[in-house]
Amino acid sequence: MATYAGIDFYNTDDMLTEEERSVRDTVRGWVDERVLPIIEGHSTAGTFPMELCKEMGEMGFLGANLEGYGCPGLNNVCYGLICQELERGDSAVRSFASVQGSLVMFPIHAYGSEDQKNKWLPKLAAGEAIGCFGLTEPDHGSDPGGMVTKAVDMGDHYLLNGAKMWITNGTLADVAVVWAKLDGVVRGFLVEKGMEGFTAPEMMGKHSLRASVTSELVFDDVKLPKGNILPGVQGLKGPLSCLNNARYGISWGALGAAMGCFDATVNYTTTRIQFGKPIASFQLIQNKLAWMLREITKGQLLVLRLAHLKDEGKLIHQQVSLAKMNNCDIAIQIARTARDMHGANGILNEYPIMRHMANLESVITYEGTHDIHNLVLGRWITGISAFE
Ligand code: TGC
Ligand code: FAD
């Protein structure tokens, strides 16, 4: 049973089906029971709670919105609610599920051969195999089209050379979906753990998303069988279409972090006494709480509408950009304000605030920075690309 009641100021629960509410409550209870008691320890140690991988698979959190091949086949409202609840636990846990489901299972499901789907999807859905997504390079982050990682057709195999950086789950992964240029065109390849010339050292020293494993991927003359190319897509729209899915999940997830911060702040300010009364009785504090509620409520309406558009097949990627940038922005502002409202206690790991605040610095940066999404919208409004 979940101990967290959620925030539902505009009765959005009434807009959810019984199944959607039930999925949300199941994840919520699981996060209370399995994530919150251990996550501060992992965040401090800089480790990912590996014991949760198979559990997440068993619970249907991995590739939740995909059909067949052992995938749960839930709708996008359910997928969003899963992300929201996981991220109330920690962005690292939601990141794990996002990468596995939207960035690894989705491209295999959408663009893979039958052999690739049968080999990987059931194991990835069950959490028995782990995947990662290699797009970003040391010199190509916001501009992935400039990538220099390259595959060469050698007749009976491809030869892969290059490096990726900032790759979530990289060191843990059994399979990496790697984007590289073949004859100058971006293609997706499945690189498997243990292949000669492939290494995935963990990147150390992060102050953010500490409970997530982030890695480099290094390809030094990796011989890839011909069957390891994703046959169904060519060009930058391949990786960008995966990002669409993951950004959708992040729009919900960031709200979860914001909701966690809001809940902690209501509890704290109604019990913390200064000047002889709870600090929640001061107008400046109430103003901030009202602002948090306002932004969370607007964010909830945004993602619910987005979910319905996605389920109806009407979603355009610019709508996802707007939701990702808005909800990450309000979440990080809420976390920073919550930190202030906790006073000195706000820096302690006894409260979830500073962990969420630091995590959100990654969340607002990855999957397209705030300003990249601004420019995506600018291009949609004006028809003029700021990238060219
Ligand atoms: P551009 O000319 O705009 O697009 C090239 C082709 O792609 C199509 N397209 C999209 N398709 C689907 N979804 C989208 N969101 C799409 N955006 C564009 C576009 O129509 C075109 O198709 P076609 O058929 O004409 O070829 O490309 P550009 O080079 O101008 O770049 C645009 C820009 C800057 C928006 C894009 O490069 C971008 O999004 N940059 C941000 C990079 C990024 O988000 N990287 C994320 C790496 S993965 C990650 O961070 C995982 S974190 C995971 C975790 O831990 O949770
Ligand atoms: P840059 O592109 O160098 O940007 C630096 C600054 O310049 C930003 O403020 C940006 O907004 C601004 N800027 C860039 N271009 C423009 C422009 N045209 N106009 C105005 N401003 C601009 N990548 C993966 O492929 N897979 C992963 O699993 C993954 N996981 C990640 C996990 C973590 C914890 C982090 C932090 C990152 C991860 N990333 C991953 C990488 C992430 O997607 C990139 O960091 C992100 O896309 C930004 O690229 P960059 O860091 O190179 O910043």
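Let me begin at the surface, where F9, Y10 and L301 form a nonpolar patch with about 330 Å² of accessible area together. A patch here is made of residues with over 30% relative accessible area and no salt bridge, with like charges joined within 9 Å and nonpolar side chains (Val, Leu, Ile, Met, Phe, Trp, Tyr) within 5 Å. A salt bridge is a side-chain nitrogen of Lys or Arg within 4 Å of a carboxyl oxygen of Asp or Glu. Accessible areas come from the Shrake-Rupley method with a 1.4 Å probe, and for residues only the protein chains shown count as cover.

This is a predicted model, in which local features need pLDDT of at least 70 and side-chain atom pairs pLDDT 80 or more, whereas totals for chains, interfaces and linings use all residues. Residues are numbered from 1 along each chain as its sequence is written, chains are lettered from A and ligands numbered from 1 in the order in which they are written, and side-chain values use heavy atoms, without hydrogens and water.

I turn to ligand 2. Of the 17 residues around ligand 2, F133, T136, S142, W166 and T369 come nearest; a residue is near if one of its heavy atoms lies within 4 Å. A backbone N or O atom of W166 is 2.7 Å from a ligand nitrogen, while a polar backbone atom of F133 lies at 2.9 Å from one. For T168, a polar side-chain atom is 2.9 Å from a ligand nitrogen. The protein covers 66% of the 980 Å² of accessible area that ligand 2 has on its own.

Finally, the structure holds 10 aromatic pairs (Phe, Tyr and Trp rings, the six-membered one for Trp, with centres within 6.5 Å; planes under 30 degrees apart are stacked, over 60 edge-to-face, the rest tilted). Y79 and Y248 are stacked, because their ring centres are 6.0 Å apart and their planes at 25°. Y79 sits in helix α3 (residues 76-89) and Y248 in helix α6 (residues 237-271), 169 residues apart. Y79 is buried at 3% relative accessibility, and Y248 is buried at 0%.

Notes
A polar contact is a pair of N or O atoms within 3.5 Å; within protein, one must be able to donate a hydrogen and the other to accept it, and residues adjacent in sequence count only if both atoms are side-chain atoms. Helices (H or I, at least four residues) and strands (E, at least two) are DSSP runs, numbered from the N terminus. Buried means under 20% relative accessible area, exposed over 50%, partly exposed in between (1.4 Å probe, protein chains only).
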